[in-house]
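Dear colleague,

Please find the structure below, handed over for your own work. A short account of the findings follows it.

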Amino acid sequence: MSETARLRLTISGIVQGVGFRPFLHRLANRLALGGWVRNTAGGVELELEGSGDALEAFQKALRDSPPPLAVIEEIRCEALEKPRGDTTFSILPSEAGEGATLVSPDLAPCPACLSELADPRDRRYRYPFLNCTDCGPRFSILRDLPYAGSRTSMAAFPMCPDCTAEYGNLTSRRYHAQPDCCPVCGPRAWFCGADGTELPGDAIALAQQALAAGKLVAVKGSGGIHLACDAQNREAVLRLRELKHRPGKPLAVLCRDGAPVLPRFRGGSRAARKPAPTDCSPGKAKPGRFSGVERGRDDRRFSSLYPSACPPARRKSGRTGHTDFHKRQPSRRAGADRQRGRYGSCLLYTSPSPRDCS
Ligand SMILES: [Zn+2]
Ligand SMILES: [Zn+2]
């Protein structure tokens, strides 16, 4: 058995908001190492104490199999003079200071969260803001670094006892998930009419009904505001174009997962035939985005799907739902509207510019 030693590791890169500290805590426990970890203004800092073999195994696992969403740029290692007798590992509060670190982008919903979103027995069933250490908003909610719940807009939503228990449970996939929330303690969605008055009812269902009725809806999610309308409703598309002062430029579309149009996006050119990231996966730089279908034969076929939504252009682009909020659109109810020919499988989904809607 090798001698007990103590190391300090300083890690930089995208190491905050990607489940890094929970990963290090589990790894240290598995190797029976004591010490601590904390986020700093420059990344992550930790001290480790244990046998030389275990310390080596820790560093090897860190280099070879870091958390999937992390991007390690540098690991600096410093041998400390004396072990302090730490036999347990803990996560310390983040420490502000000088330095610069990279921020994780918002992360598309992971399969486990999507499964909860669709499970009527789960306490987060149809809750559009669920997240975990592998997914959810990051950059959009950040107010300051180092990354910690108290420095995000989620600080306004104290965790309920159930979420607090998950947050503190090393075996939970929400262990130290800073934006952890649920319908009891987290943000809620609401729907306002044209005069700004909140209307009673399920906000997302109300938005879907408005879209199915050919109305324009401004959707404010965690990452900003988009203007939406049914991409198959000519009048709605023309109205949106008029308000945006965009009479002819192709606008992005938002499609349901599995929407019939998706294969057509991929069918127009050799490049577009490549498998497209039509589903959202954590860690994708641009989750859910796709593009394809070039001018020509396929364009006619495409135009029949979106009258005036996408005029002839060399390439079209769009995305599937990239947050849990968007994954709820359209619902089965809106699907019924679609069957009656009143709701497309795609929305025109475009960001507003300052001069829009004036
Ligand atoms: Zn998740
Ligand atoms: Zn909660």
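Among contacts in the protein chain between residues at least 6 apart in sequence, what percentage join residues at least 24 apart? The share is 70%, two residues being in contact if their C-beta atoms, placed from the backbone, lie within 7 Å.

This is a predicted model, in which local features need pLDDT of at least 70 and side-chain atom pairs count only at pLDDT 80 or more, while totals for chains, interfaces and linings use all residues. Residues are numbered from 1 along each chain as its sequence is written, and chains are lettered from A and ligands numbered from 1 in the order in which they are written.

The chain has 10 helices and 13 strands (DSSP runs, H or I of at least four residues and E of at least two, numbered from the N terminus). Of its 358 residues, 40% are buried, that is, have 20 or more other C-beta atoms within 10 Å of their own, placed from the backbone.

Strand β2 (residues 34-40) has five of its seven residues buried. Seven bridges pair β2 with β3 in the antiparallel sense (pairing requires at least two DSSP bridges), and G35 has L48 as its bridge partner in β3. Strand β5 (residues 89-91) runs parallel to β2, with three bridges, and its S90 stands opposite W36.

With kind regards

Key. Buried ≥ 20, exposed ≤ 12 C-beta atoms within 10 Å, placed from the backbone.
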